[in-house]
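I opened my notebook to look up how the side chains pack and pair in this model. My entries follow.

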Amino acid sequence: MSPRARVRWNGQAATRRAQQGAARGARLGAEHLLNVSRDRVPIEEGTLERSGTVTVDEANTAAVVSYDTPYAVRQHEDMTLRHDAGRTAKYLEDPLNEEQATIQAIIAAQVRRELRD
């Protein structure tokens, strides 16, 4: 007869740690997106660029990148506005679409890291 192996599963702790890693990954992914988008934000005085922030709701594992100026939405949505070279409308939407795989990899790495420790 072969000896029996005992396995102890602590699902609640694993779930909690995975959620913690996902929240940290969401923050890091959102910070990555903010940095990429800052390179494209229309710039005249830098006010719009400096207004970019990351907000994280850890309870719902969600992160938000936002720009907070009265003209942020118009600068983002109005494709007819002229901008300096490398600066563009859709300064947040385009990087989100382009960096999606990187952001997902950042989140996955944080979940793996939390479960490995």
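**Entry: Val-65**

I looked up what Val-65 touches. I set aside residues up to four places away in sequence, and I found Ala-30, Leu-33, Leu-34, Thr-53, Val-54 and Leu-92. A contact here means heavy atoms within 4.5 Å. I noted that this is a predicted model, where local features need pLDDT of at least 70, side-chain atom pairs count only at pLDDT 80 or more, and totals for chains, interfaces and linings use all residues. Residues are numbered from 1 along each chain as its sequence is written, and side-chain values use heavy atoms, with hydrogens and water left out.

Helices (H or I, at least four residues) and strands (E, at least two) are DSSP runs, numbered from the N terminus.

**Entry: the aromatic pair**

I searched the whole structure for aromatic pairs and found one. For a pair, the centres of Phe, Tyr or Trp rings (six-membered ring for Trp) must lie within 6.5 Å; planes under 30 degrees apart count as stacked, over 60 as edge-to-face and the rest as tilted. Which type is the pair of Tyr-67 and Tyr-91? The ring centres are 5.2 Å apart and the planes are at 90°, so the pair is edge-to-face. Tyr-67 sits in the loop between strand 2 (62–66) and helix 3, and Tyr-91 in the loop between helix 3 and helix 4. They are 24 residues apart. I then checked accessibility: buried means under 20% relative accessible area, exposed over 50%, partly exposed in between (1.4 Å probe, protein chains only). Tyr-67 is buried at 11%. Tyr-91 is buried at 2%.

**Entry: salt bridges**

How many salt bridges does the structure hold? I found six. The cut-off is a side-chain nitrogen of Lys or Arg within 4 Å of a carboxyl oxygen of Asp or Glu.

I looked at Glu-114 and Arg-17, which meet at 3.2 Å, N to O. Glu-114 lies in helix 5 (residues 100–116) and Arg-17 in helix 1, so the pair ties together parts 97 residues apart in sequence. Glu-114 is buried at 11%, and Arg-17 is partly exposed at 25%. Arg-17, Arg-24 and Glu-114 are linked in a network of salt bridges.

Then I turned to Lys-90. Lys-90 forms a salt bridge with Glu-77, with the closest N and O atoms 2.7 Å apart. Glu-77 is in helix 3 (residues 72–77), and Lys-90 is in the loop between helix 3 and helix 4 (93–98). Lys-90 also bridges to Glu-93 at 3.3 Å, N to O. Is Lys-90 buried or exposed? Lys-90 is buried, at 15%. Glu-77 is partly exposed at 43%, and so is Glu-93 at 36%.

**Entry: Thr-69**

Last, I looked up Thr-69, in the loop between strand 2 and helix 3. Thr-69 is buried at 11%. A polar atom of its side chain lies 3.1 Å from the backbone nitrogen of Ala-72. Leaving out residues up to four places away in sequence, Thr-69 touches Thr-47, Leu-48 and Ser-51.

How values were computed: A polar contact is a pair of N or O atoms within 3.5 Å; within protein, one must be able to donate a hydrogen and the other to accept it, and residues adjacent in sequence count only if both atoms are side-chain atoms.
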